[in-house]
Amino acid sequence: MVRHFLEAHPNVRLHFTPTYSSWLNQVEIWFSKLQRDVIDRGIFTSVADLRRKILRYIRLYAKSARPYRWKYSDPQRRIQPW
């Protein structure tokens, strides 16, 4: 069924996200924060006003943003004692 769909729609490309894709979760969290901090609380007189307030938020956020180094540990993996 998927094969037939892809043959009928040659411009469609599937992109698979890796298992435990915490980077994607972080993107979703950031957009959620943007929505809570700017969009949900805002009153906007136009699309240009909304755009200006989002870009201001991004500039302020970028000033305090710090990189985070992710590490994955498999909770199912058990270390064998020697």
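A search of the whole structure finds three salt bridges. A salt bridge here is a side-chain nitrogen of Lys or Arg within 4 Å of a carboxyl oxygen of Asp or Glu. Side chains of opposite charge can pair when their charged atoms come close.

Before the details, two notes on the source. This is a predicted model, in which local features need pLDDT of at least 70 and side-chain atom pairs count only at pLDDT 80 or more, while totals for chains, interfaces and linings use all residues. Residues are numbered from 1 along each chain as its sequence is written, and side-chain values use heavy atoms, with hydrogens and water left out.

Now the layout. The chain has three helices and zero strands, and from the N terminus on its elements run α-α-α. Helices (H or I, at least four residues) and strands (E, at least two) are DSSP runs, numbered from the N terminus.

Which residues are linked in a network of salt bridges? They are D49, R52 and K53. D49 is found in helix α3, and K53 is placed in that helix too, which covers residues 47-64. D49 meets R52 at 2.4 Å, N to O, and meets K53 at 3.3 Å, N to O. D49 and R52 are three residues apart in helix α3, so about one helical turn separates them. D49 and K53 are four residues apart, and there too the separation is about one helical turn.

Is D49 buried or exposed? D49 counts as buried because its relative accessibility is 6%. The cut-offs are these: buried means under 20% relative accessible area, exposed over 50%, and partly exposed in between, with a 1.4 Å probe and protein chains only. R52, at 45%, is partly exposed, and so is K53, at 23%.

The side chain of D49 comes to 3.1 Å from the backbone nitrogen of T45. A polar atom of the K53 side chain lies 3.1 Å from the backbone oxygen of I43. Leaving out residues up to four places away in sequence, D49 touches I43 and F44, and K53 touches V38, I43 and F44. Touching means contact, that is, heavy atoms within 4.5 Å.

The remaining salt bridge joins K33 and D37 at 2.8 Å, N to O. K33 and D37 are four residues apart in helix α2, so they too are separated by about one helical turn.

Next, the aromatic rings. The whole structure has four aromatic pairs. In one of them, the rings of W30 and Y61 have centres 5.6 Å apart and planes at 80°, so the pair is edge-to-face. W30 lies in helix α2 (residues 22-39) and Y61 in helix α3, so this pair ties together parts 31 residues apart in sequence. The rule is that rings of Phe, Tyr and Trp (its six-membered ring) pair if their centres lie within 6.5 Å; planes under 30 degrees apart count as stacked, over 60 as edge-to-face and the rest as tilted. Ring pairs link W30, F31, Y57 and Y61 into a cluster.

Last, the surface. Of the 82 residues of the chain, 7% count as buried. The chain exposes about 8,600 Å², with carbon and sulfur atoms supplying 58% of it. Such areas come from the Shrake-Rupley method with a 1.4 Å probe; for residues, only the protein chains shown count as cover.

Methods. Polar contact = N/O pair within 3.5 Å; in protein donor to acceptor, adjacent residues only side chain to side chain.
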